[in-house]
Amino acid sequence: NELELMKDEAILVNASRGEIINEDSLINALSKNIIGGAGLDVYQTEPYVGPLTDYDNVVLTPHIGSYAKEIRVAMELEAVQNLINSFQVN
C-alpha cells in the first residue's frame with residue numbers, strides 16, 4: 001500500500017534491512033510503473049538472485065553500503081573498543 005502512495009517518478013532506496021521492503025510488492029510496483037525505480041543494497045535473502053535483476057530501472061549492490069574507508073575504520077575502532085570494554089572490571 002505504501003508504494004502506491006509514492007510518486008510515479010520516485011526511486012525507492014534501501015540500504016538498511018532487507019525485511020523493510022516486500023520484494024514481491026516492489027516487483028509489482030515496478031512492473032505497473034507505480035514507482036520510477038529502486039536502488040537496493042540489502043535483501044530478504046542474500047545473496048540476491050531474483051527477478052529484480054531483470055529491471056533496467058533497478059540498481060542492485062551486494063550489501064556493500066558500509067564499505068567506504070571511513071566507515072570501515074570507524075567500525076573496526078568500535079569493535080576494538082567493545083572488546084576492551086568487555087575486559088574492564090566494574
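Tyr 43 comes out as buried, at 6% relative accessibility (buried means under 20% relative accessible area, exposed over 50% and partly exposed in between, with a 1.4 Å probe and protein chains only). The model is a predicted one, so local features need pLDDT of at least 70 and side-chain atom pairs count only at pLDDT 80 or more, while totals for chains, interfaces and linings use all residues. Residues are numbered from 1 along each chain as its sequence is written, and side-chain values use heavy atoms, with hydrogens and water left out.

Searching the whole structure turns up one aromatic pair. It is stacked, because the rings of Tyr 43 and Tyr 48 have centres 5.1 Å apart and planes at 25°. For such pairs, rings of Phe, Tyr and Trp (its six-membered ring) must have centres within 6.5 Å; planes under 30 degrees apart count as stacked, over 60 as edge-to-face and the rest as tilted. Tyr 48 is buried too, at 16% relative accessible area. Elsewhere, the charged end of Arg 72 sits over the ring of Tyr 67, 4.7 Å from its centre (this takes NZ of Lys or CZ of Arg within 6 Å of the ring centre and within 35 degrees of the ring normal).

Next comes helix H1, residues 23-31, where Glu 23, Leu 26, Ile 27, Ala 29 and Leu 30 are buried. These residues lie on the same side of H1, because they cover an arc of only 165° around the axis; the arc is taken from the directions from the helix axis to the C-beta atoms. Helices (H or I, at least four residues) and strands (E, at least two) are DSSP runs, numbered from the N terminus. The buried residues of H1 pack against strands E2 (37-40) and E3 (58-60). Leu 30, at 3% relative accessibility, touches Ile 35, Gly 37, Ala 38, Leu 52, Tyr 55, Asn 57 and Val 58, leaving aside residues up to four places away in sequence (contact means heavy atoms within 4.5 Å). Leu 30 and Tyr 55 are 25 residues apart in sequence but 8.2 Å apart in space, C-alpha to C-alpha. At the start of H1, a side-chain oxygen of Asn 22 comes to within 3.0 Å of the backbone nitrogen of Asp 24.

Strand E1 (residues 11-14) holds Asn 14, which is buried at 4% relative accessible area. Leu 12 and Asn 14 make up the covered face of E1, with Ile 11 and Val 13 on the uncovered one. The side chain of Asn 14 has a polar contact with that of Ser 16 at 2.9 Å (a pair of N or O atoms within 3.5 Å; within protein, one must be able to donate a hydrogen and the other to accept it, and residues adjacent in sequence count only if both atoms are side-chain atoms). A polar atom of the Asn 14 side chain also lies 2.8 Å from the backbone oxygen of Arg 17. E1 and E2 run parallel, joined by four bridges (strands pair if DSSP finds at least two bridges between them), and Val 13 stands opposite Gly 39 in E2.

Most residues other than glycine have a negative phi, and most peptide bonds are trans. Asn 33, in the loop between H1 and E2, has a positive phi near 55° and is exposed at 58% relative accessibility. His 63 has a positive phi near 55° in the loop between E3 and helix H2 (69-87), and is partly exposed at 36%. The peptide bond from Glu 46 to Pro 47 is cis, with omega near -5°, and Pro 47 lies in the loop between E2 and E3.
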